[in-house]
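Here are a few notes to read alongside the structure. Have it open, and look for each feature as you go.

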Amino acid sequence: MTVSDLDRLHSQLSKLEDMFPGYLTEIVEGSIVLNPVRPFHGRTEAEAENRSAYPFDLIELVAEVVSPESVRRDYEVKPRWYASRGIANYLILDPLKGHCVTMWNPGADGYRGHDIIPYGTDLTVDSPLGELTIATAGLPTDPKARDRS
């Protein structure tokens, strides 16, 4: 798939999001998935997004925010996919459990290293771009989540 193919696909997905306000559109394992954006999810992603397509060799870090509908994709599918493409760092921000998972050392079958950091503790990610620190104390949690650890 070329960059122009990805740009066209991104444009079409953006149209779907315009048609269904309050939903995030993704392609996961070849399926188009629309997930409702819950308030705790949207507040975690409060920073402006740039969802343009970039070649994988330019991406050093990917972060996903878990929603009830995306648990399997975010914890099982996406780590294997991102790691197999050589993306150095993968973060899972989980408002359902109130923690972050940081993964590094990508391989063909997934990431070889990971840590679980409870919300309230600063998360530091080392990457070729330098050290990135994320303050997690202010990240929202889902008050209805039953499976907090």
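In what order do the four strands of the open sheet run?

1. Keep in mind that this is a predicted model. The four strands line up as β3-β4-β5-β6, the sheet is open, and the pairing is mixed. Strands β3 (61-65) and β6 (110-118) sit at the edges: each has a single partner strand, so one side of each is left without a neighbour in the sheet. From one strand to the next, the twist averages 20 degrees.

2. Now zoom in on one pair. As a reminder, strands of a sheet pair through backbone hydrogen bonds, either parallel or antiparallel. Strand β5 (residues 99-107) and β6 go the antiparallel way, over eight bridges. To find your place there, look for C100, which stands opposite I117 in β6.

3. Next, the helix. Helix α3 (residues 71-84) packs on the sheet and touches β3, β4 (89-94), β5 and β6. The direction of α3 makes about 165 degrees with that of β4.

4. On to the nonpolar cores. The largest one has twelve residues, including V62, Y82, A83, I92, V101, M103 and A145. At least two residues of this core come from each of α3, β4 and β5. Another core, of nine residues, lies apart from it, with L91, L93, C100 and V125 among them.

5. Leaving aside residues up to four places away in sequence, A83 touches P106, G107, G110 and Y111.

Terms used: Residues numbered from 1 in each chain as written. Predicted model: local features only at pLDDT ≥ 70, side-chain atom pairs only at ≥ 80, totals over all residues. Heavy atoms only, no water. Pairing = 2+ DSSP bridges. Axes fitted to C-alpha atoms, helices over the stretch in contact; angles between N-to-C directions. Contact = heavy atoms within 4.5 Å. Core = buried A, V, L, I, M, F, W, Y, C linked by side-chain atoms within 4.5 Å. Buried < 20%, exposed > 50% of the residue type's maximum accessible area, 1.4 Å probe, protein only.
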